[in-house]
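Hi there,

Here is the structure I promised to pass on to you.

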Amino acid sequence: MKEFNITLIPGDGIGPEIVNEAVRVLDKAGQKFDYKLKYTKILMGGCSIDEYGVPLTDEAVAIAKSSDAVLLGAVGGNVGNSRWYDVAPNLRPEAGLLKIRKELELFANLRPAYLYDELKDACPLKKEIIGDGFDMMIMRELTGGLYFGERHTEEVDGVVTATDVLTYNENEIRRIAIKAFEIAMKRRKNVISVDKANVLDSSRLWRKIVKEVAADYPEVTYTDMLVDNCAMQLVMNPGQFDVVLTENMFGDILSDEASMITGSIGMLSSASLGTTKLGLYEPSHGSAPDIAGKNIANPIATILSAAMMLRYSLDLDEAADAIETAVAKVLKDGYRTTDIMSDGMKLVGTREMGDMIIERI
C-alpha cells in the first residue's frame, strides 16, 4: 500500500466543512485503490491570526514543505466587517496564502473550467453561446507581478498616494510558459497567451518570451490576446479556449469569470505547482463566511481539487479518475447544492453531497 503525507489547511469560513468532505472522499478512494493518506493540520488565515497573531507561521510552512501535497479550504472573512483586516496588509489572512505559495515555490496555478452537461441550465450564458460546452485550463503565473511587487502608500505634495509595482523577469515568464505548452500537449494543443502588450512593458516582455517558448512546440497552435478582449471572448465564445496562459492579476480575474460560466464558482478546482511534485490544491472560491456552518456550501470544487492532488502530486491517476467520474454521476443523478440548484433537481447539503459522491466511487 502506498502511503503519503498530506498537509491540511481547513482555513476560515466554509473551509473546514468542505475540506472535511474532501478528506472523506479521499479516504474512500484510498480503500478502493490501495493507498493511505496521513493528514497533518496547520492553521492559516484568520484562524492563525487569532491563535498566533500572524496569518501563517514559519512552523506551519515547515510542515507543508515536508509533506507530499497540501490541500487547502479557504481563508479570509468579510473585508469590511472583520478584525482581521484592520491591520497592515502583510498581517491579513490572504497574506498567508501569498506566503505559502512563495515558500513552496509554486509558480504555476492551474484552474480548469469545465461545463458539465447537467449544469448547462445553471450557466448564465445563452444556449446558443454555450453550444457543445467548453473545457479550458487557465494557467496563471502565481509568484510574480503586481501581487508580489513593491508597494507603499505615502503623502506626495500633500496628497496621499498609493503605489504598486508590476515586475516580471524573463525566467519567471519562461517557466510558466513551458508549463502551459506542456499541458497543452496533453489536451487539444492550443495556447492563447493573454497580456496587455499595447500598454505595459511587462506584457511586451511576456509576449516576447512566450513566442520564444512556442517555437519549441510546433504542434501547439499559439495565439496572443489582449486581456480586455479575452474577458469579452469568455462570455461570447468560451468554446474557443483550451489553455489560457497569463500573468498573476489577469489570471486571478479571468479565472473567476471562467468559474461563473461553469454555473457556480463552487465547481472550480485549482492546483498550484512548481518544479517538484509538491503542490497546493484548493477550490477557487472564497471562504463565504455568511454561509459557514449552515451545511449548504458546495464541496465539489474542493473534492475535485483533491482529485487533482492525486493526479499531479501523488501519481494516482486511477483514483483521480474515479472521483471525477463519481462527481459527474452525482450531477447526472440530479443532486444539487443550493448554488447550482434548478427546477426538478434534488437539493442536498454539504455533508449529503459528500455522501453521494462517496457512494459512487
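**Thr246 and its surroundings**

Thr246 touches Met139, Arg140, Glu141, Val194, Trp206 and Gly251, leaving out residues up to four places away in sequence. Before you go further, keep in mind that this is a predicted model. You'll find Thr246 in strand S10, which covers residues 243-246. Is Thr246 buried or exposed? With a relative accessible area of 0%, Thr246 is buried.

**The nonpolar cores**

One of the neighbours of Thr246 is Met139, and that name comes up again here. The largest nonpolar core has 69 residues, and Tyr35 and Met139 are the ones with the most contacts inside it. So what does Tyr35 touch? Not counting residues up to four places away in sequence, Tyr35 touches Met1, Lys2, Phe4, Leu26, Ala29, Gly30, Leu310, Leu316 and Ala319. There is also a second, separate core of 21 residues, and Leu115, Cys123, Ile192 and Leu254 are among them.

**Two helix pairs**

Now for some helix packing. Two packed helices are described by the angle between their axes and the distance between the axes.

Take helix H1 (residues 15-33) and helix H11 (residues 317-332) to begin with. They pack at an angle of about 125°, and their axes are 10 Å apart. Angles of 65 to 115 degrees would count as roughly perpendicular and those over 145 as roughly antiparallel, so H1 and H11 are oblique to each other. H1 passes H11 in a right-handed crossing. On the H1 side you'll see Val25, Leu26, Ala29 and Phe33, which meet Glu318, Ala319, Ala322 and Ile323 in H11. Sorted by class, the residues of this contact are seven nonpolar, no polar and one charged.

H3 passes H4 in a right-handed crossing. Asp58, Val61, Ala64 and Lys65 of H3 make the contact with Lys99, Ile100 and Glu103 of H4. Which classes do these residues fall into? The contact of H3 with H4 has three nonpolar, no polar and four charged residues.

Most residues other than glycine have a negative phi.

- Asp34 has a positive phi of about 60°, although it is not a glycine. Asp34 sits in the loop between H1 and strand S2 (35-41). Its relative accessibility is 44%, so Asp34 counts as partly exposed.
- Asp157 has a positive phi of about 55°, and it is not a glycine either. Look for Asp157 in the loop between strand S6 (151-156) and strand S7 (159-164). Asp157 is exposed, with a relative accessible area of 78%.

Ser270 lies in strand S11 (residues 269-273). At 0% relative accessibility, Ser270 is counted as buried. Ser270 and Met308 are 38 residues apart along the chain, and their C-alpha atoms are separated by 7.7 Å. Setting aside neighbours within four places in sequence, Ser270 is in contact with Asn109, Leu110, Arg111, Pro112, Leu280, Tyr281, Glu282, Ser284, Ser305 and Met308.

Ile49 is in helix H2 (residues 46-52). Its relative accessible area is 17%, and the limit for buried is under 20%, so Ile49 is buried.

Finally, Gly349 is in the loop between strand S14 (346-347) and helix H12 (350-359). Gly349 counts as buried, at 10% relative accessibility. The C-alpha atoms of Gly349 and Tyr335, 14 residues apart along the chain, are 9.7 Å from each other. Gly349 touches Asn295 and Thr337, again not counting residues up to four places away in sequence.

Happy exploring!

Note on methods:
Residues are numbered from 1 along each chain as its sequence is written. This is a predicted model: local features need pLDDT of at least 70, side-chain atom pairs count only at pLDDT 80 or more; totals for chains, interfaces and linings use all residues. Side-chain values use heavy atoms; hydrogens and water are left out. A crossing is left-handed if the near helix is turned anticlockwise from the far one by less than a right angle, and right-handed if clockwise. Helices (H or I, at least four residues) and strands (E, at least two) are DSSP runs, numbered from the N terminus. Contact means heavy atoms within 4.5 Å. Ala, Val, Leu, Ile, Met, Phe, Trp, Tyr, Cys and Pro count as nonpolar, Asp, Glu, Lys and Arg as charged, and the others, Gly among them, as polar. A nonpolar core is a set of buried Ala, Val, Leu, Ile, Met, Phe, Trp, Tyr and Cys residues joined through side-chain atoms within 4.5 Å. Buried means under 20% relative accessible area, exposed over 50%, partly exposed in between (1.4 Å probe, protein chains only). Axes are lines fitted to C-alpha atoms, for helices over the stretch in contact, and angles run from 0 to 180 degrees between N-to-C directions. Angles under 35 degrees count as roughly parallel, over 145 as roughly antiparallel, 65 to 115 as roughly perpendicular and the rest as oblique.
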